[in-house]
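Hi,

Here is the structure I promised to send you. Have a look at it first, and then read my notes below.

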Amino acid sequence: MSRVPVISDTCLRAVAALAVTLLFGCASLRVADTAALSPSQLAPPGSETISSDGYRLDAVTSHGQLPDLLVLVAMSGGGKRSAAFAYGVLKGMRDVSIPFSGGNRPLLSELDGISGISGGSFTAAYYGLYRDRMFGQYEKDFLYSDTNSYIFGIYLLPWNWGWIANPKVGTNDYMEHVYDETMFHGATYKDLMTLGRPIIAIGATDISYGNPFMFTQEVFDVICSDLTRFPLARAVAASNGFPGLFSPVTLTNRAADCDGRIPGWERRVTAEQRRDPLSRLGAQANVLDRYLDPQRTRYVHLADGGISDNLGLRVAGAMMQNLAQSPVSLTRLGYDRLRRILVISIDGQGAQDSSVAQRESVGGLLSLFGLVSGGQIDRYNFETLNTVTTQLQDIVRSIGSARCVQAEMFDGSACNDVEGKLVHISLASMPDSPERSTLLAIPTGLTLSPNDVDLLVAAGQAAVTTSEPLRQFLDNYPAQPTGGAPRRARLSMGGPVDQKGRQ
């Protein structure tokens, strides 16, 4: 009788290790992390900023944008629906002209900054990297692609199961790889910095504290990290990290490498302001302290940007509010040369489904989550738009005051000739029509039919070219004055200004 071979425990472990290696070896990923600022990048102790350069607006090259006009665009979350709608808006901005003394210029050429949240981050980042080459290429690289198939592959294909065996690799690390292979091809923020304005601010949410986290050098300064070396695809993955479906993107806090440096504005916040629950500067300083203390925050875990700011307006609004506190700071930063500020909110979020009020059942878990989160986003967006409108008017008044302190006429125009406008371009605000019903029925996801994409792009383009508030603002834009030598206004995204006008 033949003998049955005995397999030792050592052999079993060796076979299991080999199986794991074969199963997961080809799925291993190189997960990018933060890189500490080098000593040569650090500003001297006591400076206004932690680093001396980097991807911040005042260090990014201008391409001849009109010096008395500031144009900021915010792209909302809402999956590929929002991405396609925002793309259409950019196409429409090519067709809208700004009159000035030398002729007409496309509105698109005047962009100073774009923020992108969740689905909107795809369009913001892609435009930031490719500029005019985007048009006609973005559809093939992203909008028409079946992105959901990659998501299914992460969960269903064994060679993508490295995230099960390796606790340092998550599902969103695989999506970063997908975005890099299909769209960004190894690009980092250094590439964006080389291209110049508009600056691209991708927004995520720090799930440890529930606050927005923007990929700009001002924010990376507080974790003592160099944004220029960070992959663009990873920022986009963080912004689109839908909780439950994707793992967070984790960054290491390098604050210990900055030898206790903190931004100048934060040093001047008083203890009384920190204790005051109504002090914006105090609240911002308290948030900043969490990152400046490496023992308190060793890692930053990032998820979908829509959790904390689905419109992508909160950071710009806070910046304007803080700047409005002092005419001195406006003059020092060159904002006294501005006469027109235009903020365009591109909102591709759909309307809340109220038909559930006529049904006994609300549906399954996903339907319930969509209803709850959709209602929360709608209320939050309403408050954000109202708040930013107030903040915009505050800074307009402050700029006028800063100009009039110097002279009645300023660069050839009346000192109080300053205006600001928030234009909300919303998919849900389209007039009632069969087309609107069709557009709002398009689901929020990362795969859409080419026909749905084309409808959304066309809707975004038409929404801009037919926008009456935008037309009125541009019609009232004054010709470039010939007197004086206007300075370019500098915008610092992320650094608040205290009540004495210092940043």
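Let's start with helix H5: its buried residues pack against helix H2 (79–95), helix H4 (138–143), helix H6 (162–165) and H7. Contact here means heavy atoms within 4.5 Å, and helices are DSSP runs (H or I) of at least four residues, numbered from the N terminus. This is a predicted model, where local features need pLDDT of at least 70 and side-chain atom pairs count only at pLDDT 80 or more, while totals for chains, interfaces and linings use all residues. Residues are numbered from 1 along each chain as its sequence is written, and side-chain values use heavy atoms, leaving out hydrogens and water.

H5 covers residues 147–156, and its buried residues (under 20% relative accessible area, with a 1.4 Å probe and protein chains only) are Thr147, Ile151, Gly153 and Ile154. They line one face of the helix, because they fall within an arc of 155 degrees seen down the axis of H5; the arc is taken from the directions from the helix axis to the C-beta atoms. Phe152 and Leu156 are exposed (over 50%) on the face turned away from the buried side.

Next, H2 packs with helix H3 (residues 119–130) at an angle of about 40 degrees, their axes 6 Å apart. Axes are lines fitted to C-alpha atoms over the stretch in contact, and angles run from 0 to 180 degrees between N-to-C directions. On the H2 side, the contact includes Tyr87 and Leu90, and on the H3 side Thr123 and Tyr127.

Enjoy exploring!

Note on methods: Helix = DSSP H or I, 4+ residues; strand = E, 2+ residues; numbered from the N terminus.
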